[in-house]
Structures are given as structure tokens and as C-alpha cells.
Amino acid sequence: MRTFFVMCLGLVLILGAGSFIGSCSYQTSVESISSPNGSVKVHFDIDSVGKPFYKVQFNGQSIIQRSDLGFQLGDGENLFSHFKMVDCQVNHFDEVWEAFWGPSQYVRNNYNEAVYTLKNKAGLLKVVFRVYDSGLGFRYEVERANQQPIIIKEEKTAFKLPADSKCWWIPVDDDSYEKIYQQTLVSGIDSVQTPLTLITPDSTYLSIHEAALVNFPSMTIRNSGNGYLQSRLVPDTIGHVYKGDNTLISPWRTIQLGKQAVDLINSDLIVNLNEEAQGDFSWVKPMKYTGIWWEMHLGLKTWHGGDRHGATTAHAKEMIDFAAANGIQGLLVEGWNIGWDEWKDFDYCRSYDDYNLEEVVSYARQNGVEIVMHNETAGYVNEYEQQIPKAFDYYQKLGIKYIKTGYVGPVKSGEPHHGQRMVKHYQYVLEEAAKRQICILGHEHIKPTGLNRTWPNLLAVESARGQEYNAPWAPENNPPEHVAILPYTRLLAGPMDYTPGLFRLTYEKHGITDKRAYSTLAQQLALYVVCHSPAQMACDLPENYVGHPAFEFIKNVPVNWSRSLALDGEIGEYLVMVRKARNSDCWYLGAITNRQKRTVTIDCSFLKPDIDYKCVIYRDANTTDFLNKPHELMIETMLVNAQSDIELKLANGGGVAIEFRVD
């Protein structure tokens with residue numbers, strides 16, 4: 001990762017009215033640190049019984065009222081009270097770094113930082129705040145007294161908000177994020193996952209999440225009443241949430257802030273709070289891929305062996321031919337290896353008799369297509385870990401550069417998917433893959449927390465309801481507002497393997513009438529821009545793409561960007577997103593709406609001045625309706641420039657996709 005400039009003004013604190021000092025002289029009752037432009041201010045203090053707490057203001061308004069900090073330890077000691085301040089160090093940091101891939105090629109990392117060191121009989125607790133113009137992150141650094149191990153029973157971190165704030169959330173399930181989003185007041189939630197996105201009564205937008213989650217349980221949020229939200233860490237099988245040696249650095253607790261909903265999307269806070277990548281990751285290549293996958297979800301083929309087995313050598317070669325002919329760089333093959341018949345005893349090196357892995361990989365290489373290996377564990381995590389060194393060595397020998405991992409069902413050891421043990425497992429897989437120059441796509445995976453900055457081979461994870469929930473097997477298909485909520489919630493955390501691109505949105509052809517995708521065809525195209533991922537799938541059957549003029553958009557749209565900008569939108573309502581291709585002046589736009597049709601106007605001032613762009617618009621037809629006529633699509637062309645305004649009409653459940661070409 002290349003850093004283009006670094007300006008680190010050590011030991012600078014914006015204190016109170018703005019005096020600059022080198023360290024905190026803890027004589028006043030409240031210490032304050034502000035963001036570089038002053039819009040975000042954090043107040044930190046210790047009360048009369050030594051409890052640390054913080055408050056947050058945004059544009060002069062109180063957003064987070066007094067909220068506690070610290071930990072309850074498992075041995076009866078605590079790191080949340082009876083503290084004294086022993087030190088405070090502050091600084092300012094400003095850099096621009098280049099991402100290997102991502103929504104933006106160059107990212108500015110500009111913050112003010114304060115490190116408060118507290119001491120009680122249990123040990124030292126450092127609370128580190130980094131305050132950005134778009135929000136803040138804070139984390140804990142712990143050193144136990146007398147070299148004692150750290151066992152955490154409970155985290156005391158809280159977020160005190162107005163109880164009548166509106167929020168979008170999914171309920172806590174320590175094994176799955178694949179839930180339908182709900183929208184209520186804060187007073188109406190119990191325990192929820194992060195990112196938790198909210199609007200306060202004074203119309204401030206915020207999202208609570210975490211960054212750099214490594215060797216620590218996932219943070220969820222529980223409602224303690226009257227708007228007091230408290231961190232809940234996912235526990236292990238005996239009720240502890242963390243076990244380690246005598247020192248600890250926690251993940252960052254993050255609060256993104258904005259005056260508009262799109263400000264949350266345009267923030268780089270999560271990825272900036274992760275460390276810079278170490279080593280050469282130039283081998284990581286974003287790509288588009290297709291797969292032997294959707295036909296199994298339709299019931300046309302099977303993952304397990306037999307007459308309808310999907311992963312055969314012959315069928316894989318057919319799919320490779322399709323990918324190569326259409327400029328698609330990868331092919332996912334699911335159900336290739338022994339273990340699917342009984343959903344256990346998976347062997348990650350041994351294929352079914354009708355699938356010759358080495359022959360398929362060789363054929364793919366001859367045609368310029370990468371094979372995406374699939375490693376489903378079915379929750380047999382210990383067994384998978386035992387096979388990883390041998391299997392990953394084998395894949396490296398074959399020249400395989402991509403693996404899709406899967407963790408369907410409960411972990412057989414009884415541990416939750418989102419606890420410390422499994423977080424360590426996901427990291428182990430990622431690091432073992434990186435040693436062999438292999439990229440990871442994770443399904444049933446821990447939520448993203450910006451680790452793709454440190455480990456660019458972590459391309460994308462699922463961690464929400466994706467396209468597969470539009471399949472016939474889903475008890476309830478994704479509602480039309482689902483994709484209009486994701487950009488303001490789950491996608492704030494990082495790239496998602498949503499797998500867009502359905503062209504056949506209903507399944508009458510396959511004898512299925514009660515299941516469908518609640519989307520229009522134009523919206524499916526728009527999702528390639530709206531739902532960022534450096535590994536985008538063309539998920540549908542080849543027969544639904546061949547000869548279809550809309551397939552040109554999927555073939556043309558990039559997966560790696562030099563700049564991204566959310567132009568307009570509201571949570572759960574709609575979003576207009578534009579992205580500029582790397583190494584090109586071409587831009588792409590995706591606009592989506594919920595079940596309400598609407599008209600949006602695009603100000604094209606994001607385009608390069610003094611250039612005429614050929615604008616190719618893929619839009620809903622005038623009669624398109626996501627329930628009755630979802631497949632109707634219009635393709636139009638016009639010339640536009642940076643002074644142009646474009647009026648777009650979105651059908652209910654619909655969307656628009658646009659290429660701004662420089663021919």
C-alpha cells in the first residue's frame with residue numbers, strides 16, 4: 001500500500017475552546033477532542049467513583065449523551081470503575097493512501113487522536129479516540145496487573161441516544177446475519193447486530209459498528225432502556241466473551257455521522273481505522289465471475305452426486321466456454337468435492353468421479369478463466385482447519401487464486417459463528433490463503449470490519465441476505481426495500497458478495513409460481529454499481545444472458561473504481577450511486593428504489609469538464625412493474641456533459657443503470 005503524504009503533528013489536542021497542548025493536563029473536569037474541521041467533538045471524563053465515560057457532539061448538537069466505557073472481567077475484577085488518570089497523549093494525523101482495490105483508489109486518512117491512560121488495581125486501561133469529520137472510532141488497550149491473563153465477561157461500552165431515534169436493524173443471532181431488516185424506534189429494539197443505522201429526532205444520521213475485528217468476539221448491541229444501548233459481545237460456550245494473555249488491543253467501536261443519509265456511504269472511516277497492508281499484494285486481482293450455482297438453487301441440478309450433479313467436467317467446460325466468450329474472468333464451481341451426499345466428511349482435495357479438477361483447471365487456464373474453488377464446511381470447522389495446509393498447498397500448485405468458503409449450519413463444536421474462536425478461524429483462513437496468493441470470498445462469514453485494507457485478499461463476504469434469498473427454496477423472498485436498506489446498513493461495513501444479475505426474475509418456466517425476485521431487470525443491472533464488490537457475479541443461467549442486449553452492461557461494468565460518490569438517497573427508500581472506472585474517464589451510475597416508483601434528477605457535475613460522454617441508459621420501461629412486468633427494459637443513448645441534468649423515472653421495485661462512455 002503506497003502512502004502519498006503523511007503529516008503527523010505529534011502531541012496536538014484541540015482542548016476546550018481550541019488551545020493546542022502537547023499532553024493532557026488533567027486539571028479540568030472534562031477533556032475534549034474535535035475532528036479536523038471541528039464538526040465532531042468528543043468529551044471524555046471520569047466521574048466521582050472513577051468510571052470513565054464519553055459524550056459526542058455533531059455540529060454543536062448532542063448525539064451521544066453520557067455513555068460508559070470499560071470491561072467486567074471474569075475473575076471478579078473490573079476495568080470500568082475506580083480509575084485514576086495517569087497520562088494523556090494526543091496528536092494529529094493526515095495521509096493519503098492508495099488502495100489495491102476498492103470504491104476509491106486514493107483514500108484520505110485525517111483525524112485527531114487522544115490516548116487516555118487509566119489505572120486501577122486490575123491494571124491499565126488505555127482509551128484511544130480517533131475523531132474524523134465523518135465520525136469517530138475508539139478502542140481499548142489493556143494491560144493486566146501482575147501479568148494476569150485477561151478473561152472478559154462483559155463489555156460496558158454504551159451509546160446513549162434519544163429513545164425516539166428511528167433505526168434499521170436485524171436481530172441478534174450469534175450464527176447468522178441473514179435476516180430481514182426491520183425499521184422501528186430505538187425504544188422498539190431488543191438485541192441487534194451492527195452496523196446499526198439511525199436517524200435522531202434532529203435529523204442526524206449515524207451508524208454504530210466496529211473496525212479491525214481480530215481475535216475478539218463480534219460486538220452486538222442490546223437495548224437497556226431509555227435509549228441506552230450497550231455493547232454485547234458474543235459469548236463462548238461457558239459464558240466468557242474473550243480469553244487471552246495479559247495484554248489486549250480491542251477492535252475499534254465506530255460511530256459514523258452525517259447530515260444526510262448518503263454521508264454515511266461516502267465515509268471512509270471503517271477502512272481507515274484498519275492497519276496498512278504489509279507486503280506485496282499486487283497479485284490480488286478483482287474480477288467478475290459466473291458459476292455452477294444458481295441452477296442448484298432452482299432445483300435443476302444438485303450439489304451432491306447423481307444423475308443431476310452440477311459439478312461435472314463436461315458442464316464445467318461449457319461454463320468456461322461461456323465465461324471466456326463474454327469476458328468473464330472466473331467460474332465458481334460448487335458441489336465438486338466429496339462430502340455433499342451426507343453433508344459431512346468433506347474432502348477438500350478429492351472430487352467426485354464425474355469431475356476432474358485438474359482437467360477443469362487446465363481447460364480454464366487455456367481459456368483465460370480462473371476457477372473459484374468452493375470449500376463448504378457445514379460447520380465442521382476443526383476438520384476444515386486440519387485439511388487447510390494440504391488443500392491450500394494443492395490449490396496453489398494448480399494455480400488456483402480464489403476460494404469461496406462456506407459455513408452453513410451450526411459450528412459442530414458448539415461455538416457460535418461470531419465468537420472469538422470463529423473470528424480467529426476466519427483470520428486463520430485469510431492468512432493461510434494470503435501465504436499462497438489466494439483470495440477469499442466468505443459466505444456465512446463474520447461481518448466485514450475494514451480488514452480488506454490490511455488483507456486485500458479478503459475480497460468480499462456475504463453477511464446479509466443476498467440474491468440466494470430470491471430463490472425458490474427461501475421461506476420468504478427478499479422484500480423490495482431490502483436492497484434500498486443494504487447500502488445504508490450492511491454495506492457500510494465493507495464489500496458484499498450479493499451476487500446480482502438475475503435476468504429471469506420469475507420461475508414459471510420451472511413450474512414455480514409462488515417464489516420470485518421482487519425486482520425489475522433494470523434494478524438488477526443497477527446493483528452492480530450500488531452493491532460494491534471487487535468480485536461481482538453474473539449469477540443467472542447462461543441461457544438467460546445469451547443474446548440479451550442488457551447483458552452488455554454486465555460485461556462492461558468494472559469491479560474496481562477510482563472514485564465513488566453517493567449522490568442522493570434515503571434509507572430504505574432509494575439510492576443514486578456513481579463510480580468512476582480505474583484508468584479511464586468512464587463513469588457508471590446505479591439508481592434503485594423500494595416498492596415506490598419515483599423520479600430522480602441527476603446533476604452530472606461529477607463528470608470531467610469539457611468532455612462529451614455517450615450516455616447509455618438501461619431503464620425501466622414506462623409500463624414496468626416489479627410484480628407484473630419486471631422484465632420490460634428500455635435502452636437509450638444520448639450525449640451529456642458535466643453541465644447536464646438527467647431526469648430518471650424508476651418503476652416500483654425498479655432502477656436505472658447508466659454507462660457514461662468516452663468513446
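Student: How much space lies in the largest pocket, and what makes a set of points a pocket?
Tutor: About 680 Å³ of space lies there. A pocket is an open set of points on a 1 Å grid over the protein atoms alone, with protein on both sides within 12 Å along at least five of seven lines. Its volume is the space filled by probe spheres set on the points, which are joined across faces, edges and corners. This is a predicted model: local features need pLDDT of at least 70, side-chain atom pairs count only at pLDDT 80 or more, and totals for chains, interfaces and linings use all residues. Residues are numbered from 1 along each chain as its sequence is written; side-chain values use heavy atoms, without hydrogens and water.

Student: Which residues line the largest pocket and lie nearest its centre?
Tutor: The lining (residues with an atom within 4 Å of a point) holds 35 residues, with Pro103, Ile265, Ser267, Asp268 and His532 nearest the centre. Elements giving two or more residues to this lining are α1 (261–265), α2 (269–272), α9 (490–493), β33 (561–570) and β34 (574–581). Helices (H or I, at least four residues) and strands (E, at least two) are DSSP runs, numbered from the N terminus.

Student: How does the lining of the largest pocket divide into nonpolar, polar and charged?
Tutor: There are 21 nonpolar, ten polar and four charged residues. Ala, Val, Leu, Ile, Met, Phe, Trp, Tyr, Cys and Pro count as nonpolar; Asp, Glu, Lys and Arg as charged; the others, Gly among them, as polar.

Student: What makes a space a cavity instead?
Tutor: A 1.4 Å probe fits but cannot get out. The structure holds five cavities of 30 Å³ or more. About 120 Å³ lies in the largest cavity. Among its 15 lining residues, Gln427, His445, Ile446, Leu451 and Leu458 lie nearest the centre. Helix α7 gives the most, with four residues.

Student: How do you know that β31 and β32 are edge strands?
Tutor: Two strands pair if DSSP finds at least two bridges between them. The open sheet runs β31-β30-β29-β28-β27-β26-β32, with parallel pairing. β31 (458–461) and β32 (535–537) each pair on one side only, so they are the edges. Strand β26 (residues 287–292) and β32 share three bridges. Tyr289 stands opposite Met537 in β32.

Student: Why does the radius of gyration agree with a compact globule?
Tutor: The rule is 2.2 Å times the number of residues to the power 0.38, with the radius taken over C-alpha atoms. For 663 residues a compact globule would have a radius near 26 Å; the protein has 25 Å, so the values agree.
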